[in-house]
Amino acid sequence: MRFFKEYLLPRFLQFLLVTFLGINAAFFIPRFFSSDPILETISTIRSHGTYLDPGSVEKIISDLKQLYGLEGTLGQQYLAFWRRLFRGDLGLSFFQFPEPVVRLIGRALPWTLGLLLPSTLLSWALGLLIGGVGGCYPERRWVKVLDVISMLVRPLPYYIFAFALLIVFAYVIPWFPLGGGLSIGRQPEFSLQFIREVLHYAFLPFASLTILGTAVMYQMSKLIVQSLRTEDFVQYAQLGGVKGRIIVFKYLVRNAMLPLFTNLVLSLGQVFGGAMITEIVFSYPGLGMLLYNAVVQADYNLILGITTISIVAVTTGIFLADLVYPLLDPRVRYQ
Amino acid sequence: MWVIQAKGLKAFYILHILGHTKIVKAVNEVDLEVLENEIYGIAGESGCGKSTLLKALLGVTIAPLRLISGQVLYRKDGEELDVYALKPEELRKLRWTFIAYVPQGSMSVLNPVRRLSRTLEDFLASHEGLKGRRQLMARAKDYFHELGLPPKILKAYPHQLSGGMRQRVTIALATLLAPKILIADEPTTALDVVVQRGVLQMLTDIHRKLANTLVLVTHDMGVHANVSRRLGIMYAGKLVEEGEVSELFTAPLHPYTRFLIKSLPKLGDKGSREGVPGMPPSLSELPSGCAFHPRCPLALPICREKEPLLSKEKPGHRVRCWLYLREGP
Ligand SMILES: Nc1ncnc2c1ncn2[C@@H]1O[C@H](COP(=O)(O)OP(=O)(O)O)[C@@H](O)[C@H]1O
Ligand SMILES: [Mg+2]
């Protein structure tokens with residue numbers, strides 16, 4: 001009960017508040033921009049050389065207003081926005097009219113999740129473990145080799161690294177496709193061959209994210225473990241003759257997980273924003289690609305939809321992490 | 001018969017600060033023998049090198065601490081072992097089964113994310129193998145019961161225990177495998193008086209039950225008066241006096257020891273107590289001659305120039321002071 005009142009409740013309220021404020025920001029900020037999406041759309045149509053008579057301009061404006069939820073006063077728009085949101089309705093995409101934004105996101109999401117969830121989890125776990133063991137034995141040869149590799153890979157801008165992988169393994173040595181999530185015209189089906197194709201297409205983007213992510217985690221984990229090694233409880237266990245394997249995993253890596261857990265949660269939250277650069281470089285049909293296209297085409301409903309989903313995902317992730325954290329660190333249980 | 005012997009033991013901290021090297025002479029030519037089944041006390045002001053001496057005796061010289069010279073011997077089953085010549089694995093096996101240690105500030109020596117039972121298991125399993133794990137835990141439970149510790153605290157995490165309880169648990173953990181030697185560093189410091197008494201009682205009980213050797217380090221002379229049998233006084237990394245507690249407290253020889261004893265509160269004594277005048281010297285810039293001479297009211301001209309040796313003044317009583325040793329080394 002005390003756990004509920006003193007730990008859970010404040011965090012839940014904080015979660016609600018931050019989510020609410022975030023969505024509000026997503027709603028209001030575009031409305032404070034001087035650019036008017038409707039006039040821009042009309043001028044886009046005109047710039048294609050299409051003649052619009054005043055009557056049809058009026059008609060288009062009212063249609064667009066309805067489409068963007070821009071009818072009525074700001075207050076009415078605001079209420080309508082929340083009402084639709086609770087119904088799970090994020091409006092229609094303008095450039096892929098009349099697809100609902102929710103459906104577009106729903107189509108892109110599996111690609112993004114399938115790519116980012118495994119690579120985020122794997123690079124976190126792998127980096128933690130290798131970095132942990134490396135922090136215990138910094139004098140070993142393989143640790144020094146890994147140090148050099150991670151030092152070389154990490155400062156590379158991600159897009160250069162991703163491009164290099166693409167050029168080498170898809171163009172020079174054509175082991176992998178140049179881009180996309182599936183070969184063109186392929187329909188999803190439940191077969192071994194289909195799964196193999198998905199994995200084949202996902203391999204390069206997955207590898208680029210995982211290698212870089214692991215290098216980052218490796219360095220952080222190694223640093224944390226090295227400083228943990230001077231902690232009293234580690235030195236005492238060592239002095240007491242506790243076996244090396246127990247010390248490495250149950251004392252060092254286990255405790256290094258605590259500060260690194262926050263990293264994991266934040267990157268899991270960011271998964272829902274998509275990995276825009278990855279998806280552009282590898283033409284991967286995920287959320288990041290969708291967002292990129294939405295921005296380029298000024299598809300305001302779609303931008304607002306993806307932003308809202310990301311906000312909710314990040315705050316939910318942080319809230320869930322707060323719930324899980326006491327299982328990792330018994331000291332926070334009753335604070 | 002001795003169980004630990006230190007010969008000319010020197011262990012310094014070698015620090016590299018901003019390009020130049022600083023040497024902290026924390027243990028400086030210490031010779032001592034700790035006997036079988038005794039309580040050997042080590043006293044001295046804070047910072048004089050007591051904890052470092054214990055580390056050197058345990059064979060734990062992790063950078064920046066370095067063994068400069070000297071030897072530490074253990075006598076185990078009639079055999080003399082040279083600690084610094086042992087292989088790491090041999091040394092590891094001696095720990096907890098032959099020699100165990102309760103470190104200073106034992107508040108932070110338990111893994112914060114592990115239940116006590118698991119920590120106990122880590123130590124037990126590392127020395128006795130994982131096979132009889134149930135049996136091991138049953139033994140741990142019995143042992144806790146014997147020591148008057150509620151066995152249910154085995155399920156607790158370290159932060160859930162009070163300071164006194166944590167100290168007792170650390171002592172229990174150190175003596176689980178019935179070591180021949182137990183080394184305890186300031187086990188009562190930072191505890192309140194009532195708890196202190198309980199912890200000391202526990203240490204002496206274990207000492208009696210295991211019939212082992214207890215090396216007890218504390219700056220608190222009152223504790224030594226009550227618990228220790230023999231006592232070594234350390235000053236600036238060196239042993240300056242050593243003898244039976246009964247003799248040291250009634251007829252101290254070294255002026256420093258006299259100050260330490262005078263600073264003890266006595267029953268019915270209302271006046272303010274005298275401390276040792278002046279400040280302890282820096283162990284990286286020791287005074288010439290006898291390190292105590294700047295604070296010594298009885299200093300002779302020679303004290304400033306030459307270091308006295310630790311000489312046997314009477315049987316079983318050694319002192320390092322020019323007042324007793326007329327001839328130079
Ligand atoms: N890890 C360390 N690095 C550098 N100097 C140290 C370290 N530990 C202790 N010292 C120094 O060594 C001297 C002796 O310390 P210590 O053995 O802890 O004394 P005591 O236990 O008697 O209080 C002190 O001057 C202290 O500053
Ligand atoms: Mg100390």
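Mentor: Start with the helix. H1(B) gives the largest share of the shell around ligand 1, three residues. Helices here are DSSP runs of H or I with at least four residues, strands are E runs of at least two, and both are numbered from the N terminus. The model is predicted, so local features need pLDDT of at least 70 and side-chain atom pairs count only at pLDDT 80 or more, while totals for chains, interfaces and linings use all residues. Residues are numbered from 1 along each chain as written, chains are lettered from A and ligands numbered from 1 in the order written, and side-chain values use heavy atoms, without hydrogens and water.

Now the shell itself. It holds 14 residues, and the closest are Gly47(B), Gly49(B), Lys50(B), Ser51(B) and Thr52(B). A residue belongs if one of its heavy atoms lies within 4 Å of the ligand. By class, seven are nonpolar, five polar and two charged. Nonpolar covers Ala, Val, Leu, Ile, Met, Phe, Trp, Tyr, Cys and Pro; charged covers Asp, Glu, Lys and Arg; the others, Gly among them, are polar.

Next, the polar contacts, pairs of N or O atoms within 3.5 Å. Thr52(B) places a polar side-chain atom 2.4 Å from an oxygen atom of ligand 1. Lys50(B) uses a backbone N or O atom, 2.9 Å from a ligand oxygen. Tyr13(B) brings a polar side-chain atom to 3.2 Å from a nitrogen atom of ligand 1. On its own, ligand 1 has 560 Å² of accessible area, and the protein covers 66% of that. These areas come from the Shrake-Rupley method with a 1.4 Å probe. Strand E1 (2–17), strand E2 (20–35) and helix H1 (50–58) of chain B each give two or more residues to the shell.

Then the metal. Ligand 2 is a magnesium ion, and its protein donors are Ser51(B) through OG and Gln104(B) through OE1, at 2.0 to 2.1 Å. The two sit 53 residues apart: Ser51(B) in helix H1, Gln104(B) in the loop between strand E6 (99–102) and helix H3 (116–128) of chain B. Donors are N, O and S atoms within 2.8 Å of the metal (3.2 Å for Na, K and Ca); water is not among the atoms, so sites may look incomplete.

Ser51(B) is buried, at 19% relative accessible area. Gln104(B) is partly exposed, at 41%. Buried means under 20%, exposed over 50%, partly exposed in between, with a 1.4 Å probe and protein chains only.

Technical notes:
Polar contact = N/O pair within 3.5 Å; in protein donor to acceptor, adjacent residues only side chain to side chain.
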